[in-house]
Amino acid sequence: MGESVFTGMVTDSGELVVIAIQRSGEDLTDAVLAAGDVLLLRGPWQALDRNTADPNVVVVDAPQLIRRQAVPMGPRATTALVILAGMVVLLATGIVPAAVAALTAAAAMVLLRVLTVSQAHRSISWTTLILVGGMIPLSTAIQVSGAADVIANGLVAAVGTSSPYLLLFGIAVVTSVLGQLISNMATALILGPIAIAIATETGISPLPC
């Protein structure tokens, strides 16, 4: 703090370049640094690591995280892209169910040595998997027990049937609120049957245009 900097400036070590300066959301071309100022720096990874190790510096994007995003394509990248494209084709054409397409692509990634089995295991978000697995029976229960119809009737009664856009807005609000408490995927599993029940009751097609 207290040092004068400007965009394009090279630091005293000659290792880093100041690309941008921001203060309270406002971009600056030059400034005397104060607490809370944000600097965008460019330089070798080693120099960034050394300078961001200072306890007085709060790192927004750590160099090691950015380094992962900047890794060049490896020898198996082409294979991975081909597998991804194949999965997208299967999903778009509907030749096989979505679950089969995803599992086929995942198996191809391992069989073609893009990933090892241990790497594939580490990439799985077990928390999300368990949460979604637990929500599927709840979603089925909401639909089978008639709870979806009860909730749908309440929402229709509260919002009215004068405008389908108003109903859609009501569903969106409920989805947004519930999405703050649980994951987006779990929210979709819960509200899916309710949205279909609302569409059926009001005579609106639940299929997207």
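Predicted model: local features only at pLDDT ≥ 70, side-chain atom pairs only at ≥ 80, totals over all residues.
View 1. The protein chain has five strands and nine helices, and from the N terminus on they run β-β-β-β-β-α-α-α-α-α-α-α-α-α. Both kinds of element are DSSP runs numbered from the N terminus: helices are H or I with at least four residues, strands are E with at least two. The C-alpha trace spans about 70 × 50 × 30 Å along its principal axes. The radius of gyration is 26 Å, while a compact globule of 209 residues would have one near 17 Å; the radius is taken over C-alpha atoms, and the globule rule is 2.2 Å times the number of residues to the power 0.38.

View 2. The accessible surface comes to about 14600 Å², and carbon and sulfur atoms hold 66% of that. These areas come from the Shrake-Rupley method with a 1.4 Å probe, and for residues only the protein chains shown count as cover. Buried residues make up 21% of the 209 in the chain. Here buried means under 20% relative accessible area, exposed means over 50%, and partly exposed is in between (1.4 Å probe, protein chains only). Of the contacts (heavy atoms within 4.5 Å) between residues at least 6 apart in sequence, 49% join residues at least 24 apart. On the charge side, there are 8 positive and 12 negative side chains, with the centres of the two sets 19 Å apart. Lys and Arg count as positive, Asp and Glu as negative, and His and the chain ends are not counted; each charge is placed at NZ of Lys, CZ of Arg, CG of Asp or CD of Glu.

**View 3. β2 and its two partners.** Strand β2 (residues 17-23) pairs with β5 in the antiparallel sense over five bridges. Two strands pair if DSSP finds at least two bridges between them. Within that pairing, I21 stands opposite L39 in β5.

**View 4. The turn at S24.** The hairpin of β2 and β3 has two residues between the strands, and S24 takes a positive phi near 55° there. S24 isn't a glycine, and it sits in the loop between β2 and β3. Most residues other than glycine have a negative phi. S24 counts as exposed because its relative accessible area is 76%.

**View 5. Another positive phi, at R113.** R113 isn't a glycine either, and its phi is near 65°. Look for R113 in the loop between α4 (98-111) and α5 (117-123). Its relative accessibility is 66%, so R113 counts as exposed.

**View 6. A34 in its loop.** A34 lies between β4 (30-32) and β5 (38-42). Leaving out residues up to four places away in sequence, A34 touches M1 and R23. A34 is partly exposed because its relative accessibility is 35%. For a sense of reach, T79 is 45 residues away from A34 in sequence and 49 Å away in space, C-alpha to C-alpha.

View 7. T175 is in helix α8 (residues 164-179), and T187 is in helix α9 (residues 184-202). Not counting residues up to four places away in sequence, T175 touches T187 and L191, while T187 touches T175, L178, G179 and I182. T187 is buried because its relative accessible area is 2%; T175, at 31%, counts as partly exposed. A188 is 13 residues from T175 in sequence and 7.9 Å from it in space, C-alpha to C-alpha.

**View 8. T104 on α4.** T104 belongs to helix α4. With a relative accessible area of 43%, T104 is partly exposed. M87 is 17 residues from T104 in sequence and 8.0 Å from it in space, C-alpha to C-alpha.

Terms used. Residues numbered from 1 in each chain as written. Heavy atoms only, no water.
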